[in-house]
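Hi everyone, thanks for coming. Please have a look at the structure on the screen, and then I'll walk you through it.

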Amino acid sequence: MSQPQPRFIILGAGMSGILAAIKLRTAGHTAVSVYEKADRIGGTWRDNSYPGLSCDVPAHAYTYEFAPNPEWSGYYAPGPEVQAYFEKVVADHDLMPIINFNAEIIRCTWRDTPGNWQIETRDGRIAEAEFIIAATGVLHHPKTPDIAGLDDFAGVKFHSARWDHSVPLEGKKIGVIGNGSTGVQLVTALAKRGIEVVHFQRSPQWIMPVVQFAYTEAEKAVFRQSREAIDAIRYDPVYFGNIQRFTKGVVDTESPMMKEIEGYCLMNLEQNVRDPVLREKLRPTYRAACKRLIYSPDYYEAAQRPNLLTITCGIDTVLPGGIRDKDGGVHDLDLIALCTGFHSDRFVRPISVEGRRGATLEAAWKERCNGYYAISIPDFPNFFMLNGPTSPVGNFSLIDIAERQWSYIEQLVARVIDGNARGIAATTAALADYESRRITAAKATIFGSGCTSWYLDAHGVPITWPWDYDTFAEAMATPEFEAFEVI
Ligand SMILES: Cc1cc2nc3c(=O)[nH]c(=O)nc-3n(C[C@H](O)[C@H](O)[C@H](O)COP(=O)(O)OP(=O)(O)OC[C@H]3O[C@@H](n4cnc5c(N)ncnc54)[C@H](O)[C@@H]3O)c2cc1C
């Protein structure tokens, strides 16, 4: 190593970047810096604050293993509570002094001599490190739809990830475009407040029924005293059994596990939507879990309220005063909320990343974004990704995924430091072999079964981990070092 103390730069202070910073410092590394383009930590949970935002993973499972939280208010936590949790973890671990805020990284360049990365921020700050942890978030750059007339809308409009809380909602007529988890959570919350909502859905969603409940003060008192009581929920065999079944079902589309998921969703639709016309409107034409499955205790109840109108025929044009649908119906609106997702292929980018031998990230990811086991890219030594492209996706805790990825990354880091090497990166051959296996398997998953979704890359291939949860846990336990080049 060129430095007695290896230096680490972490890109992003969301859930993954915070995890990396804490893990590194706990392991005794002192030269750790985080660069965050915003003025607060939190990533997703900072940027998204729309009404109804909730984490659809049980709260005690969407929690760092090293930072249990006895105070979760209920089985599922609302978005602001998740953000507050991350803020508390950052304070408890005294991370603020090592986070550079308002520091957008625009360039990372590998230099063979002495063997380190140089980074540059938009305002011209330069820093160096031996290791870069890329934790910039897959769902970070909001996507605005290309709908005729949208720019001419005379009312208020914003993306769900840029919610303007200065705009009063009561008494307004709100158009919600988009029907992913965000669209469903938002219309449910607005409808329950009695607000008039028109929900424009391009395709209906399968809804997995779940039960939400609050923890009592007595239960929280037990959680404060007993880690075992918290772990009983975090590692609940029923919850873990569901994850196992879900991931096994996803990769074996004709399995009993997938039939079970489909059965639950179908039963939910059949039993809980009373009006046969609405029921048919809300019936998807693709298989359950092809798109990210929506978990909701109350969406169907909200959809049947008279103040929530569901439009499935498509949008023809946005008018200055509202939206005309493809059946000719005109809906007068005061506000349009765009729940139209994110550019999921923009992970790390637009940062310009230049690796060894003239490699650039733009060129490496021209076809599709990927990495060996979603972590390392050939010719980008010591550049490791957390929750990046081809990481597992699904209805389980991405904190758990990041923690497992970290245990893999820290073994790569140790190999460099202990071996007195400059760097480590997956070989081109290893990535090619891995990707060929991954792509073949991904096409056969439920995600590739014939719907459109943000899980698909530009070639229609799911950009996901295509094997089950146990295979992921096993893969992350120990790197196959023969797949790596040490320089
Ligand atoms: C609306 C919504 C709901 C979700 N619900 C769930 C859920 O229920 N369960 C679940 O497991 N997951 C959920 N997710 C996924 C969620 O994104 C992850 O769980 C997790 O928060 C990702 O953390 P991250 O740190 O990897 O990325 P992010 O949270 O996106 O954080 C990335 C950080 O990097 C910063 N950054 C980006 N580019 C730069 C740059 N160039 N320079 C400096 N800083 C940069 C960003 O500002 C951000 O702070 C949801 C996502 C969204 C959008």
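Let me start with a term: two residues are in contact if their C-beta atoms, placed from the backbone, lie within 7 Å. With that in hand, residues 24 or more positions apart account for 72% of the contacts in the protein with a separation of 6 or more.

A word on what you're seeing. This is a predicted model, where local features need pLDDT of at least 70 and side-chain atom pairs count only at pLDDT 80 or more, while totals for chains, interfaces and linings use all residues. Residues are numbered from 1 along each chain as its sequence is written.

Now the overall build. The protein has 14 helices and 21 strands; these are DSSP runs, H or I of at least four residues for helices and E of at least two for strands, numbered from the N terminus. The radius of gyration, taken over C-alpha atoms, is 23 Å, close to the 23 Å from the globule rule (2.2 Å times the number of residues to the power 0.38) for 487 residues, so the protein is as compact as a globular protein of that length. Of those 487 residues, 44% count as buried, meaning that 20 or more other C-beta atoms, placed from the backbone, lie within 10 Å of a residue's own.

Next, a sheet. Five strands make an open, parallel sheet in the order β8-β17-β9-β10-β13; strands pair if DSSP finds at least two bridges between them.

Over to β4, residues 105-111. Strand β4 pairs with β5 in the antiparallel sense over six bridges, and the two form a hairpin with four residues between them. Strand β4 also runs parallel to β18, joined by three bridges. Arg 107 takes part in both pairings: its partner is Glu 120 in β5 and Ser 352 in β18.

Finally, the ligand. Which residues come nearest, of the 31 around it? They are Gly 12, Gly 14, Ser 16, Gly 43 and Gly 137, where "around" means a C-beta atom, placed from the backbone, within 6 Å.

Notes. Buried ≥ 20, exposed ≤ 12 C-beta atoms within 10 Å, placed from the backbone.
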